[in-house]
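Reader: Could you walk me through this one? I have not looked at it before, and I would like to ask things as they come up.
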Amino acid sequence: MSRGRKNNSGDDMSIDAVNDTSIGPIDVHVGARICARRKLLQLSQKQMAEKLGITFQQVQKYEKGVNRIGAGRLYTIAVILGVDIDYFYSGLTPEQTNQSAEYKECLNLKFLQEDDSEFKSDPMQGAEAVMLLKAFYSLPLKARNALLVMLTSLKDREDVDSDA
């Protein structure tokens, strides 16, 4: 079903360029970043929705990438989550951004390069990383320090084993 807006004559509906196929991989990526940060801060979707003045169902749709987020709303989300706007876009891969003609145009103008490090995947974005961070910070300080010592010694031991 198309969405429309009344034109100035008031009787016809003109079709906007927005349709279901306009949602793409960047919207999904931004939604996943919102979800990961919200969970890290231990905010429920309901709490997030209340801060935004929307329903929790709308937050769900944003996080799944089903609904596109406007610039003003994304800014408000960034403020609530305590991050800069670029946080939501970090980790985008060229495959995700190659979907847009604007990105291809920027590549042709040398604004972006295929091998830019900012477009490489970041393992800290995954759900496992969020779970590990939550578990780590739920430990007492002494336990966290002991865990870090243990992990460091395992890494050092692995380096010795791999040299042999």
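Reader: Let me start with a loop, then: where is Q42 found?

Author: Q42 sits in the loop that lies between helix 1 and helix 2. Please keep in mind throughout that this is a predicted model.

Reader: And what is phi of Q42?

Author: The phi of Q42 is near 60°, which is a positive value in a residue other than glycine.

Reader: Is Q42 buried or exposed?

Author: Q42 has a relative accessible area of 63%, and because the cut-off for exposed is over 50%, Q42 counts as exposed.

Reader: Which glycine with a positive phi follows a helix?

Author: G65 comes after helix 3 and has a positive phi near 80°.

Reader: Let me step back to the chain as a whole. How many helices and strands does the protein chain have?

Author: The protein chain has eight helices and two strands, and, read from the N terminus on, the order of the elements is β-β-α-α-α-α-α-α-α-α.

Reader: What share of the residues counts as buried?

Author: Of the 164 residues in the protein chain, 27% count as buried. The accessible surface of the protein chain is about 11,700 Å², and 56% of that surface belongs to carbon and sulfur atoms.

Reader: Which residues have the most contacts inside the largest nonpolar core?

Author: The largest nonpolar core has 19 residues, and those with the most contacts inside it are I34, M48, I69, I77, L81 and F88. Two or more residues of this core come from each of helix 1 (25-40), helix 2 (45-52), helix 3 (56-64) and helix 4 (71-81). Helix 4 gives the most to this core, with four residues.

Reader: What is I34 in contact with, leaving aside its neighbours within four places in sequence?

Author: With those neighbours left aside, I34 is in contact with M48, E63, I69, L74, I77, L81 and F88.

Reader: Which residues of helix 4 are buried?

Author: In helix 4, the buried residues are L74, I77, A78 and L81. They lie on the same side of helix 4, because they cover an arc of only 100° around the axis. The face turned away from this buried side carries the exposed residues G72, Y75 and V79, while the cover over the buried residues of helix 4 includes helix 1, helix 2 and helix 3.

Reader: How far apart are A78 and I34, in sequence and in space?

Author: A78 and I34 are 44 residues apart in sequence, and their C-alpha atoms are 8.5 Å apart in space. A78 counts as buried, with a relative accessibility of 3%. Leaving aside its neighbours within four places in sequence, A78 is in contact with V83, D84, I85 and F88.

Reader: Now helix 3, please: which of its residues are buried?

Author: Q58, V59, Y62 and E63 are buried in helix 3. Because they cover an arc of only 135° around the axis, they are on the same side of helix 3. These buried residues pack against helix 1, helix 2 and helix 4.

Reader: What is V59 in contact with, again leaving aside its neighbours within four places in sequence?

Author: V59 is in contact with Q45, M48, A49, L52 and I54, once those neighbours are left aside. V59 counts as buried at 2% relative accessibility, and its C-alpha atom is separated by 9.3 Å from that of I34, which is 25 residues apart from V59 along the chain.

Reader: How do helix 1 and helix 3 cross?

Author: The axes of helix 1 and helix 3 come within 6 Å and cross at roughly 120°, and the two helices are therefore oblique to each other. In this pairing, D27, V28, G31, A32, I34, C35 and R38 of helix 1 meet Y62, E63 and K64 of helix 3.

Reader: And at what angle do helix 2 and helix 3 pack?

Author: Helix 2 and helix 3 pack at an angle of about 105°, with their axes 8 Å apart, and they are therefore roughly perpendicular to each other. Here Q45, K46, M48, A49 and L52 in helix 2 meet F56, V59, Q60 and E63 in helix 3.

Technical notes
Residues numbered from 1 in each chain as written. Predicted model: local features only at pLDDT ≥ 70, side-chain atom pairs only at ≥ 80, totals over all residues. Heavy atoms only, no water. Buried < 20%, exposed > 50% of the residue type's maximum accessible area, 1.4 Å probe, protein only. Areas by Shrake-Rupley, 256 points an atom, 1.4 Å probe, with all protein chains shown as cover. Core = buried A, V, L, I, M, F, W, Y, C linked by side-chain atoms within 4.5 Å. Contact = heavy atoms within 4.5 Å. Arc of directions from axis to C-beta. Axes fitted to C-alpha atoms, helices over the stretch in contact; angles between N-to-C directions. Parallel < 35°, antiparallel > 145°, perpendicular 65-115°, else oblique.
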